[in-house]
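This report describes selected local features of one protein chain. The sequence and the structure follow.

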Amino acid sequence: MTTTATAQRPSHPLDSGIAPSWASEIGEDQWAPFASLEIDGVVERMRWIPPGDFQMGSPESENGRYGDEGPVQNQSIAAGFWMMETPVTQELWQAVMGENPSYFKSGKRPVEQVSWDDGQGFIEKLNSRLDGLKLCLPSEAQWEYACRVGTQTATYVGDLEIAGDYNAPGLDEIAWYSGNCGVDFDLADGQDMTGWSEKQYEFSIGGTREVKQKKPNGFGLYDMLGSVWEWCEDYWREGYEAEFDPSFRVVRGGSWFSDARYVRAACRCGSTPDDALYDIGFRCVEFKPELQQESRERSRANSAEPGEDRERES
């Protein structure tokens, strides 16, 4: 049974009346409680994700489904956590790391061309800058739970009608993907997409776009689908009953470069932790570090021998 966020008042972070020590601002709006962190004038808002239960994965009947998205399983998110409302932006990365590795350079766009390993370096530096901050990457379960907001459809606004490889009109209001990423594209240097057939819109070049241009989900999280793939903490496994493979880490959510079928809540891919591609970024959560360590230890204990590359080809 799926539990929605609004029913979880006992874990509401404002009930205590105490803001996180790292927060420059705390409040609540029509979506969820929020707490902002600030580095050198760059502000990133974190959204509160309450605990609850949900069904992880996709049913065999879901349009565009891959076999490694199942079997559908009940998952419990035992503890609430804070999650960045957008992928890490280039301006935040620059403020923390002092440089910008992105291909599509623009401060309000998500940082990309950053590996899982690079993300760990960013997290370590950012945590050292703010008192009490304990960021990490989300687990796969945390990511999907936060994306779904109590829904069990392909996206948080409904199931997906796929009219072509790069054409799913239902994505238009919530995601930048291969069918719309070049509409009114505002950088001179973009990916040549003239040969891509069946796009939802006609355009010649595309790439990442500024965050928060599409409709957020019910937690107030933007760009959970499309934009850039997002690194998760977990090792890859070929389906939820398979063993873990420590050679690969999970990425979620699809990207501006992705076929429509990848841009679904249950879709998952794997990439080596040193991959730094122009369609992969990440967002952070603040989660109890002892629970995150337990998750890592379980992954290592159940991991398989290194296998073949798990990253799908579009």
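In helix 1 (residues 90-97), the residues Gln 90, Leu 92, Trp 93, Ala 95 and Val 96 are buried. Buried means under 20% relative accessible area, exposed over 50%, and partly exposed in between, with a 1.4 Å probe and protein chains only. Helices (H or I, at least four residues) and strands (E, at least two) are DSSP runs, numbered from the N terminus. This is a predicted model, in which local features need pLDDT of at least 70 and side-chain atom pairs count only at pLDDT 80 or more, while totals for chains, interfaces and linings use all residues. Residues are numbered from 1 along each chain as its sequence is written, and side-chain values use heavy atoms, with hydrogens and water left out.

The cover over the buried residues of helix 1 includes strand 2 (33-39), strand 3 (42-49), strand 6 (81-84) and helix 2 (116-129). Just after helix 1, Gly 98 has a positive phi of about 80 degrees.

## Strand 4

In a regular strand the side chains alternate between the two faces of the sheet. Strand 4 runs antiparallel to strand 5 (residues 73-77), joined by five bridges. Gly 52 has Ile 77 of strand 5 as its bridge partner.

## Cysteines

With a disulfide taken as a pair of cysteine sulfur atoms within 2.5 Å, the count is zero. For Cys 267, the nearest cysteine sulfur is that of Cys 269, 4.9 Å away.

| Residue | Relative accessible area |
|---|---|
| Cys 232 | 0%, buried |
| Cys 267 | 0%, buried |

Terms used:
Two strands pair if DSSP finds at least two bridges between them. Contact means heavy atoms within 4.5 Å.
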